[in-house]
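This report goes through one protein model, taking its sheets, its cores and a few single residues in turn. Please keep the sequence and the coordinates at hand while reading.

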Amino acid sequence: MAAAITDARGRVLLARRTEGRDLAGLWEFPGGKREPGETPEQALVRELREELGIEVRVGAPLIAVAQQYPHKRLRLDVRRVTRWRGTPRGHEGQALAWVPPDKLPGYTMPPADRPVVAALLQPDRYLVTPPPATPSDDAAWLDALQRALAGGIRRIQARLPGLDPARRRTLVTAAAAHCASAGAELLVNGDTALARDLGLGLHLPSAQLCELAERPVPAGVPLAASCHDETELRHAEAIGCDFAILGPVNATPTHPDAQGIGWPAFEALREHASLPIYAIGGLTPDHILEARHHGAQGIAAIRGLWP
Ligand SMILES: Nc1nc2c([nH]c(=O)n2[C@H]2C[C@H](O)[C@@H](COP(=O)(O)OP(=O)(O)OP(=O)(O)O)O2)c(=O)[nH]1
């Protein structure tokens with residue numbers, strides 16, 4: 001159990017693991033293990049009393065991350081905490097830091113914490129666009145994209161199979177302008193040259209991912225990949241992808257032949273990598289809580305998110 005403790009200024013409390021313990025010196029979200037007979041909430045209240053000397057009210061679940069470490073497997077169940085009594089102090093000699101959210105990625109943390117930091121900072125929905133059927137549908141496609149942005153979507157993959165290069169470039173250029181004014185991220189599916197030319201992010205289909213030995217776009221430009229198994233997830237992480245999608249969790253109309261792998265398999269695959277992973281396959285925003293419970297950053301969808 002661990003807590004994302006946030007103060008009135010939005011800063012998040014991190015603690016540094018003390019010498020002599022596993023993962024010593026790394027920063028972590030305060031918390032610790034459940035004892036027999038405790039509920040998750042009771043365990044967190046006790047741990048934060050012992051470690052920090054505060055009495056907390058445990059808030060909503062943020063994410064639960066199952067993670068495979070070299071010598072053990074754990075499940076880091078993180079709850080939000082915004083209300084407490086007392087002033088946090090390192091009662092076990094640990095250093096504490098109140099960290100502005102955008103500075104969190106600069107702290108060295110255990111592998112299970114990367115998805116937790118991403119859950120605090122990054123969108124919980126990743127829209128994958130359906131292609132417009134004919135050129136006369138392009139204007140309606142851009143309208144739908146704008147409605148998605150107005151509805152709060154902040155991360156989008158332009159997936160436009162079957163469009164000729166000139167039409168794809170025109171459409172992606174227009175989409176990029178809308179995304180920029182909404183402060184949303186746009187990633188181009190599969191077309192490295194177009195992504196580089198327009199300075200946009202790149203989303204790699206799994207076949208393309210497997211052929212790459214290094215990041216095809218500069219650091220700082222969003223890079224993502226579609227993955228189906230542990231090897232692909234590890235490879236996506238190794239070449240520096242910022243996030244991945246993994247599925248299908250449920251069967252979908254777009255891939256009627258593929259059976260869903262289900263949440264337990266999603267979780268079991270996820271624990272071998274530490275990059276943020278969206279679940280895909282027959283999912284809608286109603287599944288976000290469930291996705292977070294299984295360690296996902298959120299949901300990726302075409303139908304479930306396209307207005
Ligand atoms: N509290 C906390 N624990 C974390 C985080 N990330 C992470 O991998 N962990 C791991 C470290 C520990 O193995 C376990 C938390 O239990 P703990 O902190 O009471 O464990 P411990 O020092 O007694 O260590 P050990 O028995 O596992 O060696 O989860 C995090 O952000 N917060």
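The text below covers the barrel, the cores, the open sheet, some backbone details and the ligand shell.

The model is predicted.

**The barrel**

Eight strands close into a barrel, and their order is S9-S10-S11-S12-S13-S14-S15-S16. The pairing in this barrel is parallel. From one strand to the next, the twist averages 25°. Strands of a sheet in general pair through backbone hydrogen bonds, in either the parallel or the antiparallel sense.

Strand S15 (residues 277-280) can be followed in both directions. With S14 it is joined by three bridges, and the two strands run parallel. Within that pair, leucine 246 has alanine 279 of S15 as its bridge partner. With strand S16 (residues 298-301), S15 again pairs in the parallel sense over three bridges. Here isoleucine 280 stands opposite alanine 300 in S16.

Which residues of S15 point one way, and which the other? Ile277 and Ala279 point one way, Tyr278 and Ile280 point the other way, and all are buried. In a regular strand the side chains alternate between the two faces of the sheet.

Helix H7 (residues 230-238) lies across strand S13 (223-227) and strand S14 (243-246). The helix runs at about 170° to S13.

**The cores**

The largest nonpolar core has 51 residues. Those with the most contacts inside this core are Ala244, Ile245, Leu246, Tyr278, Ala279 and Ile280. Leaving aside neighbours within four places in sequence, alanine 279 is in contact with Leu246, Gly247, Val249, Phe266, Ala291, Ala296 and Ile299. A second, separate core has 32 residues, among them Val12, Leu44, Ile63 and Val65. Nonpolar side chains tend to be buried together in soluble globular proteins.

**The open sheet**

Three strands form an open sheet in the order S1-S6-S5, with mixed pairing. Strand S1 (2-5) and strand S5 (61-68) stand at the edges with a single partner strand each, so one side of each has no neighbour in the sheet. The twist in this sheet averages 25° from one strand to the next.

S5 and strand S6 (residues 73-81) run antiparallel and are joined by seven bridges. The two strands form a hairpin, with four residues between them. Alanine 64 has aspartate 77 in S6 as its bridge partner, and valine 65 stands opposite leucine 76 in S6. Val65 is also one of the residues of the second core.

**Backbone details and single residues**

A cis peptide bond, with omega about 0°, joins glycine 247 and proline 248. Proline 248 is in the loop between S14 and helix H8 (262-270).

Glycine 281 is in the loop between S15 and helix H9 (288-293). Not counting residues up to four places away in sequence, glycine 281 touches Gly247, Pro248, Val249, Asn250, Thr252 and Gly260.

Leucine 23 is not a glycine, yet its phi is positive, about 60°. This leucine lies in the loop between strand S2 (12-16) and strand S3 (27-28).

Tryptophan 84 is found in strand S7 (residues 83-85). Apart from neighbours within four places in sequence, tryptophan 84 is in contact with Ile54, Glu55, Val56 and Arg57. The C-alpha atoms of tryptophan 84 and proline 130 are separated by 46 Å, the two residues being 46 residues apart along the chain. Glycine 281 and alanine 300, which are 19 residues apart in sequence, lie 7.8 Å apart from C-alpha to C-alpha.

| Residue | C-beta neighbours within 10 Å | Class |
|---|---|---|
| Leucine 23 | 14 C-beta neighbours | partly exposed |
| Tryptophan 84 | 20 C-beta neighbours | buried |

Why does tryptophan 84 count as buried? The cut-off for a buried residue is 20 or more other C-beta atoms within 10 Å, and tryptophan 84 has 20 such neighbours, so it counts as buried.

**The ligand shell**

There are 14 residues around the ligand. Of these, Asp22, Glu28, Gly31, Gly32 and Pro110 come nearest. By class, the shell has seven nonpolar, two polar and five charged residues.

How values were computed:
Residues numbered from 1 in each chain as written. Predicted model: local features only at pLDDT ≥ 70, side-chain atom pairs only at ≥ 80, totals over all residues. Near = placed C-beta within 6 Å. Nonpolar A, V, L, I, M, F, W, Y, C, P; charged D, E, K, R; others polar. Core = buried A, V, L, I, M, F, W, Y, C linked by C-beta atoms within 7 Å. Buried ≥ 20, exposed ≤ 12 C-beta atoms within 10 Å, placed from the backbone. Contact = placed C-beta atoms within 7 Å. Pairing = 2+ DSSP bridges. Axes fitted to C-alpha atoms, helices over the stretch in contact; angles between N-to-C directions.
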